[in-house]
Every structure is written in C-alpha cells, then in structure tokens.
Amino acid sequence: MSKVTSLGEAIARLVPDGASVALGTALEPAIPFAVVHELIRQSKRDLRLIGPISDIAFDQLIGAGCVARVAAAWVGNVSAGLAHAYRRAMEQGIPRRIAVEDHSNFTIAQALLAGAIGAPFIPTRTLLGSDLARANVTFRESVSPFDGSPLLLVPAITPDLTVLAVQRADEEGNAHLWGPWGVSQEAALAATAVLVVTDEIVPRSVIASDPNRTIVPAWKVAAVVGQRGACHPSPLQGRYRRDH
C-alpha cells in the first residue's frame, strides 16, 4: 500500500500540538529542514524536540515559538556559531521560555536505544561527576546490584514521531540511507510513528536488491514524502553538500 503523501498533509496528520518529534538523528547530515519549515508554516506549538545535533533546525523552530522542550546533546548553527534563538529563549524567555534536558551524544543514543528495545532505562557511567548528570532532572543516580559501584540511569525516550531524511525509499516506506546513520535507526524504532522524507521514490525491487541498507522497516512508517533537496542547507551524501 502506498504511503506517499504531501509534506503539508503529513505534518498536519502526524504532528499535533504538544507532540515529541525526533529529527537530525544522522548528526550533521540529513537534517530534514523542509519538515522544520512546514512545522513553522503550520504554526505547531508546544513541541518537544529530540535529537543529537540539529544544525540551525531547532533554532528556527525555537525562534518561531513552536517549542516547549528540548532534549538534545547540542543546539547550534554549525559554521554560524551559537544558536541565537535558543539562547534568547533560555536567557530572556523570547519568544517563550523552554525547558531543556541536556544530554551528551552518547546518552541521547542510550535513551533512544532504551526506547527502541522497550527498556525503561539504560545504565551508564559516562556522565558521573559531570554537570550534565546534575543538570538533567530525568537522570537518576543509582548503584550496581552486582558490585555496588555508582551508576547513572538514562530513561528511555519514545518520540511520538521520528523524521528520517534519506536518499531513496519505496512507496511503502522501506528506506535506504547512505552516510552516517547516527541514532536514526534507534530513533525510528523507539518512535510511535516514522515520517520518511526521501530525495527519490523508487520501486520496491530497488530497495529489496540491497536489503541490509534498509534503515527502517515499512511497518514503522506512517507516511512517505518525496521531496528533492529537503535537507538543504545540510548535506545528503551523494546528492548535495552542506550550503554554508
């Protein structure tokens, strides 16, 4: 069954106000800016943004007043430096104050992995002694039941929607992504639904010819949007480079 639809219809159907949305999950490349701009056009509100690295995507959404919470490892503008809208929201409440759950790249990956495998949390030691362990109120300090050593419990994150930007997908949502996957697969499996934004829609036989490259199974995908250049100004490997 074809799941191909327009970007506007997909956002209207899959992203109610207050939804939690994961995007930018491939780290610096494959950030679906077209989706960000559509969220702003439709004046979505009270969103919880989830992701490791967002380029200026999160900053644009925050500046447009779409965001209530952010769970992220980094929010910035890559070559342009600081995330100015993020900083204004945090320091001055402009256009509104936002709550922030600070993560490292590793703990955001652990949180999404926990969501993907249905675990309530994943224990780690990597942030013990750091400011992040104290700043993020969702973390819990504990001890190992085996040797009593200190642990930090990273709770699962289960987005309402994960947005994946890929080079090609079929009409059912089976998708191929070249380049770094980052935490894309974990975020997709942890989510209630997945939106695939693809540079090209291809026959299912093309995807089936290279099945180990399929990043997410079709049964997790709620909609497929074919839109060339949807990641601009971030890069999409083999299609276009980052536009500084």
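Tutor: Two strands count as paired if DSSP finds at least two bridges between them. Strands (E, at least two residues) and helices (H or I, at least four) are DSSP runs, numbered from the N terminus. The model is predicted: local features need pLDDT of at least 70, side-chain atom pairs count only at pLDDT 80 or more, and totals for chains, interfaces and linings use all residues. Residues are numbered from 1 along each chain as its sequence is written, and side-chain values use heavy atoms, with hydrogens and water left out.

Ser20 stands opposite Arg48 in strand 2. Strand 1 (residues 20–22) and strand 2 (residues 47–53) run parallel, joined by three bridges.

The order 4-3-2-1-8-11-13 describes an open sheet of seven strands, with parallel pairing. Strand 4 and strand 13 (221–226) are its edge strands, each pairing on one side only. On average, neighbouring strands of this sheet are turned by 20° against each other, direction ignored. Axes here are lines fitted to C-alpha atoms, for helices over the stretch in contact; angles run from 0 to 180 degrees between N-to-C directions.

Next, helix 1. Helix 1 (residues 7–14) lies across strand 8 (161–166), strand 11 (193–198) and strand 13, and runs at about 155° to strand 13. Which residues of helix 1 are buried? They are Leu7, Ala10, Ile11 and Leu14. Buried means under 20% relative accessible area, exposed over 50%, and partly exposed in between (1.4 Å probe, protein chains only). Seen down the axis of helix 1, these residues fall within an arc of 95°, so they line one face of the helix. The arc is taken over the directions from the helix axis to the C-beta atoms. An α-helix has 3.6 residues a turn, so residues three or four places apart point the same way. The cover over the buried residues of helix 1 includes helix 2, strand 8, strand 11 and strand 13. Contact means heavy atoms within 4.5 Å.

Then the helix pair. Two packed helices are described by the angle between their axes and the distance between the axes. Helix 1 and helix 2 (residues 33–41) pack at an angle of about 65°, and their axes are 10 Å apart. Their crossing is right-handed. A crossing is right-handed if the near helix is turned clockwise from the far one by less than a right angle, and left-handed if anticlockwise. From helix 1, Leu7, Gly8 and Ile11 meet Ala34, Val35, Glu38 and Leu39 of helix 2.

Helix 4 (residues 84–92) has Ala85, Tyr86 and Ala89 as its buried residues. Down the axis of helix 4 they span an arc of 105°, so they too line one face of the helix. They pack against helix 3 (57–63) and strand 4 (99–102). Just after helix 4, Gly93 takes a positive phi of about 70°.

Finally, the loop that leaves strand 2. Ile56 lies between strand 2 and helix 3. Ile56 is partly exposed, with a relative accessible area of 23%. Leaving out residues up to four places away in sequence, Ile56 touches Phe33, Gly76 and Asn77. The C-alpha atoms of Ile56 and Val78 are separated by 7.5 Å, and these residues are 22 apart along the chain.
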